[in-house]
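Hello,

I am passing this structure on to you, and my notes on what I found in it follow below. Please have a look at the sequence and the model first.

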Amino acid sequence: VDVLQPQQVRAKDPEKVRRNAMALISEILEEMGAPPLIEHPFFRSFRSRHPKLQTQLCNEALVPVFHSANEIVFTVGESCSMMYVIVNGSAQYAAQLPPPRDAPVGTAGTQVRKTLRSGHWLSEAALWTGWVHRGELRTLSDCLFFGLEAGWFARVISSQKSAHAFAASYARKFVEGLNRSIQSDITEAGPVD
């Protein structure tokens, strides 16, 4: 046998080969997606409680999104169905936000302009409630995002009762905090119990 010439390998069990290949692909996707996600306290805690579901999230709900420098990723008023996590590159978020609902009459809104880099997330609210973008996101450099698609996220989380209960508890607290604050695509993570 000439080791320099490619050899055709015939599997004795093609189904086993397929399962092993799918398992390897699943591990690679989880390795790529988990590090950016676990920057967020909910997903860090979720991963320790439900590691198999975290892998499933990375396989089924994470979508790579690439934008070149100086491209608009989203604008004010657009419907949003995913949370964005910046994996590589930088982007600028800009918004003119109204005052909080409980602010005294005549209170001025807030001008927000923030440069975001790897590890930052945006539009988390799309996972927990209906969401419309409150500002504009423009890339400053070539940028790779992972989008966590809300519908697929909900399907994966709902597949296990304890994971669903954990997410529902977090969602209630997140939405309560969102309703008490200035609503922006940039939010702090809620408390994780």
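Let me begin with a pair of helices. The axes of H2 and H3 come within 5 Å and cross at roughly 125°; axes here are lines fitted to C-alpha atoms, for helices over the stretch in contact, and angles run from 0 to 180 degrees between N-to-C directions. H2 and H3 are therefore oblique to each other (angles under 35 degrees count as roughly parallel, over 145 as roughly antiparallel, 65 to 115 as roughly perpendicular and the rest as oblique). On the H2 side, Phe43, Phe46, Arg47, Ser48 and Arg49 meet Pro51, Leu53, Gln54 and Leu57 of H3, where contact means heavy atoms within 4.5 Å.

Before going further, a word on the source. This is a predicted model, in which local features need pLDDT of at least 70 and side-chain atom pairs count only at pLDDT 80 or more, while totals for chains, interfaces and linings use all residues. Residues are numbered from 1 along each chain as its sequence is written, and side-chain values use heavy atoms, with hydrogens and water left out.

As an overview, the chain has six helices and ten strands; helices (H or I, at least four residues) and strands (E, at least two) are DSSP runs, numbered from the N terminus. Of its 193 residues, 38% count as buried, which is to say under 20% relative accessible area, with exposed over 50% and partly exposed in between (1.4 Å probe, protein chains only). Among contacts in the chain with a separation of 6 or more, 79% are between residues 24 or more positions apart.

H2 has another helix partner. The axes of H2 and H6 come within 11 Å and cross at roughly 165°, and these two helices are therefore roughly antiparallel to each other. Their crossing is right-handed (a crossing is left-handed if the near helix is turned anticlockwise from the far one by less than a right angle, and right-handed if clockwise). Phe42, Ser45, Phe46 and Arg49 of H2 make the contact with Ala163, Phe166, Ala167 and Tyr170 of H6.

Now to the interior. A nonpolar core is a set of buried Ala, Val, Leu, Ile, Met, Phe, Trp, Tyr and Cys residues joined through side-chain atoms within 4.5 Å. The largest one has 31 residues, and those with the most contacts inside it are Phe42, Phe43, Leu57, Trp128, Leu148 and Phe153. Elements giving two or more residues to this core include helix H2 (41–49), helix H3 (51–60), strand E4 (82–88), strand E10 (143–149) and helix H6 (161–180). H6 supplies the largest share, seven residues. What does Trp128 touch, leaving aside its neighbours within four places in sequence? Trp128 is in contact with Phe42, Phe153, Ala167, Tyr170, Ala171, Phe174 and Val175. There is also a second, separate core of 17 residues, which includes Ala91, Leu97, Leu137 and Phe145.

Another residue of H6 that I looked at is Leu178, which is buried, with a relative accessible area of 5%. Leu178 and Ala125 are 53 residues apart in sequence and 8.2 Å apart in space, C-alpha to C-alpha. Neighbours within four places aside, Leu178 is in contact with Ala125, Thr129, Trp131, Gln183 and Thr187.

Eight bridges join E5 to E6 (residues 110–117), and Ser90 has Arg117 as its bridge partner in E6. With E9 (residues 136–139), E5 pairs over four bridges; Ala91 stands opposite Thr139 and Gln92 opposite Arg138.

Four strands also form an open sheet in the order E1-E10-E4-E7, again with antiparallel pairing. Its edges are strand E1 (62–67) and strand E7 (121–122), each with a single partner strand, so one side of each has no neighbour in the sheet. E4 and E10 are joined by six bridges, and Met82 stands opposite Glu149 in E10.

Best wishes

Terms used: Two strands pair if DSSP finds at least two bridges between them.
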